[in-house]
Amino acid sequence: MSVWEKSSTVRVVPSARPRKLAKVPFVELADGRLQGVVSSGSDIGRVYVSSVEAGTYAFACSTNNNRPCGGARGMFCNHIRALVGEAVLQYGAERVARYLKVEVDAAEPDAQTLTDVMAATRPAAAGSSAAARVFSRFLRQLAYLELAPSTAPVPEMQWFPTTRAVA
Ligand SMILES: [Zn+2]
């Protein structure tokens with residue numbers, strides 16, 4: 001293998017499982033949070049910016065227009081649950097649990113278990129101050145879609161599934 005092929009192999013992390021990009025187009029473990037962008041189930045023009053903080057599990061969910069999510073009053077909404085599910089597909093449950101500091105007894109934790117353990121601590125709402133930043137990171141990632149085709153490694157492309165996408 002050439003040098004770039006080798007470096008591409010180490011730098012681009014394949015997702016553990018194929019992800020549903022249509023439902024959760026962006027997910028990352030960054031800034032001490034699990035955060036990402038979740039499509040609205042009903043309105044094709046609306047997305048939600050959702051996040052869960054490591055350690056405290058303080059959560060936030062709002063639309064791209066900064067309106068609070070009606071489902072996230074006092075508990076995890078469906079967007080946050082979807083985000084945890086997709087993070088587990090992308091990174092594997094163990095890595096997500098480690099990043100968020102979730103203690104699970106199960107040898108093979110799944111997204112449901114992680115969500116239940118976090119929800120059981122009755123986490124607080126975190127406010128939406130991070131949403132704009134998360135959304136701009138998503139848009140920056142989208143900009144890579146407009147790059148001319150190239151065989152050189154682009155590390156940010158790693159959020160695309162390495163196997164067939166599940167629509
Ligand atoms: Zn929500």
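## Model and overall layout

The model is predicted; local features need pLDDT of at least 70, side-chain atom pairs count only at pLDDT 80 or more, and totals for chains, interfaces and linings use all residues. Residues are numbered from 1 along each chain as its sequence is written.

The chain contains five helices and four strands, where helices (H or I, at least four residues) and strands (E, at least two) are DSSP runs numbered from the N terminus. Their order along the sequence is α-β-β-β-β-α-α-α-α. Of the 167 residues, 30% count as buried; a residue is buried if 20 or more other C-beta atoms lie within 10 Å of its own, exposed if 12 or fewer, and partly exposed in between, with C-beta atoms placed from the backbone.

## Packing of H2 and H4

Helix H2 (residues 78–91) packs on helix H4 (residues 111–120) at an angle of about 135°, and their axes are 9 Å apart. Axes are lines fitted to C-alpha atoms, for helices over the stretch in contact, and angles run from 0 to 180 degrees between N-to-C directions. H2 and H4 are therefore oblique to each other; angles under 35 degrees count as roughly parallel, over 145 as roughly antiparallel, 65 to 115 as roughly perpendicular and the rest as oblique.

On the H2 side, Arg81, Val84, Gly85 and Val88 meet Ala111, Leu114 and Thr115 of H4; two residues are in contact if their C-beta atoms, placed from the backbone, lie within 7 Å. The residues of this contact are four nonpolar, two polar and one charged. Here Ala, Val, Leu, Ile, Met, Phe, Trp, Tyr, Cys and Pro count as nonpolar, Asp, Glu, Lys and Arg as charged, and the others, Gly among them, as polar.

## The buried side of H4

Leu114, Thr115 and Met118 are the buried residues of H4. They lie on the same side of H4 because they cover an arc of only 95° around the axis, the arc being that of the directions from the helix axis to the C-beta atoms. Their cover includes strand S3 (47–53), H2 and helix H3 (93–100).

## Residues with positive phi

Most residues other than glycine have a negative phi. Arginine 122, not a glycine, has a positive phi of about 50°. Arginine 122 sits in the loop between H4 and helix H5 (131–143) and is exposed, with 9 other C-beta atoms within 10 Å.

Aspartate 31, also not a glycine, has a positive phi of about 55°. Aspartate 31 is in the loop between strand S1 (26–30) and strand S2 (33–39), and is partly exposed, with 14 other C-beta atoms within 10 Å.
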